[in-house]
Structure formats: C-alpha cells, structure tokens
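Me: I have a sequence and a model open side by side, and I would like to learn how to read them. Could you take me through the features one at a time?

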Amino acid sequence: MAELLTVEYLAALATLTVMEIVLGIDNIVFISVLAEKLPEEQQPRARRVGLLLAMVMRIGLLLGITWIMRLKTPLFHLPLPDPVTDGNLGISGRDLILILGGGFLIYKATHEIHDKLEGSKETLRQPKAIASFKSVVTQIIMLDLVFSLDSVITAVGMVKGKEGHTWQPIAVMITAVVLSIIVMLIFAGPIANFIKKHPTTKMLALSFLLMIGAVLVADGFHQHIGKGYIYAAMIFSVFVEALNLRAAKVREKAKGG
C-alpha cells in the first residue's frame, strides 16, 4: 500500500480524478434529463442508481483490462478508407459500442428536443408520466456502458506506462473512479435542480448530448475529434447561457422596480 503513496501515483490519482469528473459531466446531464421523466420522489433515487451503476461498470471494466484491449481488434472491415491505417476501415467491438451508443444518444436527444419544440400541450404539461423507473434505469445502464468504456480506455492510456498492467495503476484508477463518483453524487442533485429551474438550460444540455452522440459515432468510424474542442465549445455555450440568465434577471428586476 505504501507503494501508492509516491508523488508519481498521487499526481496520477489527482489527474485521473479530475479527468473522470470532467468525462462524467455528460453522464450527469444524461441521467438528469432521463430522471426528470419520473415522479418527483423517484428522481433522486434514479440519479443515485445511475451513478452507482456507472461506478460498478467502470470498476468492472478496469478489472477486465485484458478484455478491454481485445475490443480494439477489428471484427470486420468496411470498404471505406481508414484514416489511421490507410487501409479498409476495420470495425472493432469498441467501435460498435461507440457507434450504437452514440446513435442511441442522438436518437434520445433528438426525441427530447422534438418533444420540447413540437410536443402537444398535454405532453409538455405531463412529461413525467411517459417513463417508468425500470425503463429509465435500463436506458441509463445502456449509456453508462458507452461513457464508462470511453472513460476507462482514456484512463488506461494515461496510467499504463513501463510497468504495464500491474496492480498499482489499477488501484489508482479504481480509487479515481470512486472519488469522482462521490463528487458527482454530491453535485448531481444541484445540477438536475438547476436544469429543471431554467428550461433553456435543458435545451442546451440536450444539444450537448446530441453533439456528444455525434462525436461518439465519428470516433467509432475512426474520425477522432479532440475532446478539448468539445469541452471548449461546451464551456463557451455555458458562458453565453449564463449571460442570458443574468440578463433575464436584470430585466425582471427592472420590471419589478
């Protein structure tokens, strides 16, 4: 255990924990959007279940790193150019998970946006009657797998060094996952309440999910888009939305004054 208390491993733990929290933001948003379809009293439970399932999945995937690495082996090839190998596009198990998961995310985000923009008045008044707790948790599990796979592969790439897959890097990654989930459990409620309180932020969140789904599908076809660009766009959009919310408050005060 003392081997983990070195500057190298503590620095890796801090870096991985921050990375897991950042990568988990889209997971929190997705869980919050789905949980909103449930009755008020079931929403906190759905968020907790969703995040705890994400933790279990990530730990399970970390313990099966050998299997994870096998997922990169092409299962079949498509008659399309591969930007990585310059040959035919090889589709692996990981690629299939990303493509299917990204496609599902695009479908869900598009469906939610359609309901918000084109839904009937009855649908808009009663959104929580649409889904059951079981169906919401099932959808959370499906997307948890995609988000967890992406997170674990990134973490493995950061921690795996000269030592290969020894127990110390695995312990560091599992600790980072547990710490990040604890942080997300603390902030999931406030984030969900903020999205619920400000309807325009929900549309912004759905747009984020639509973009993330497109990025996952592109990644599945080996068209890699740097996450830095994605998060920069998200931060800028949040900044603009914060200005809009602030401007709305100023207008309300002016009317009241």
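Reply: Let us begin with burial: a residue is called buried when its relative accessible area is under 20%, exposed when it is over 50%, and partly exposed in between, using a 1.4 Å probe and protein chains only. K197 is exposed, since its relative accessible area is 65%. Please keep in mind that this is a predicted model, where local features need pLDDT of at least 70 and side-chain atom pairs count only at pLDDT 80 or more, while totals for chains, interfaces and linings use all residues. Residues are numbered from 1 along each chain as its sequence is written, and side-chain values use heavy atoms, with hydrogens and water left out.

Me: How many helices and strands does the chain have, and in what order do the elements run?

Reply: Helices (H or I, at least four residues) and strands (E, at least two) are DSSP runs, numbered from the N terminus. Here the chain has nine helices and two strands. Starting at the N terminus, the order is α-α-α-β-β-α-α-α-α-α-α.

Me: What share of the 257 residues is buried?

Reply: Of the 257 residues, 43% count as buried.

Me: How should I read contacts, and what does S92 touch?

Reply: A contact means heavy atoms within 4.5 Å. S92 lies in strand β2, residues 88-92, and is buried, with a relative accessible area of 3%. Leaving out residues up to four places away in sequence, S92 touches L71, K72, T73, P74 and L75. For the chain, take the contacts with a separation of 6 or more: residues 24 or more positions apart account for 78% of them.

Me: Which residues are in contact with Q139, leaving aside its neighbours within four places in sequence?

Reply: Q139 is in contact with F30, L34, F104 and K108. Q139 sits in helix α6, residues 133-159, and counts as buried at 15% relative accessibility. The C-alpha atoms of Q139 and L34 are 8.3 Å apart, although the two residues are 105 residues apart along the chain.

Another case to look at is L53, in helix α2, residues 43-63. L53 counts as partly exposed at 26% relative accessibility. Apart from residues up to four places away in sequence, L53 touches V137, I141 and D144. Between L53 and L145, 92 residues apart in sequence, the C-alpha to C-alpha distance is 9.2 Å.

Me: How many salt bridges are there?

Reply: A salt bridge is a side-chain nitrogen of Lys or Arg within 4 Å of a carboxyl oxygen of Asp or Glu. By this rule there are two salt bridges. R94 and D95 meet in one, at 3.6 Å from N to O, and both of these residues are buried. D219 and R94 meet in another, at 3.2 Å from N to O. D219 lies in helix α8 (residues 199-220) and R94 in helix α4 (residues 93-118), so this pair ties together parts that are 125 residues apart in sequence.

Me: Where is H222, and what is its phi?

Reply: H222 is in the loop between α8 and α9. H222 has a positive phi of about 65° although it is not a glycine. At 18% relative accessibility, H222 counts as buried.
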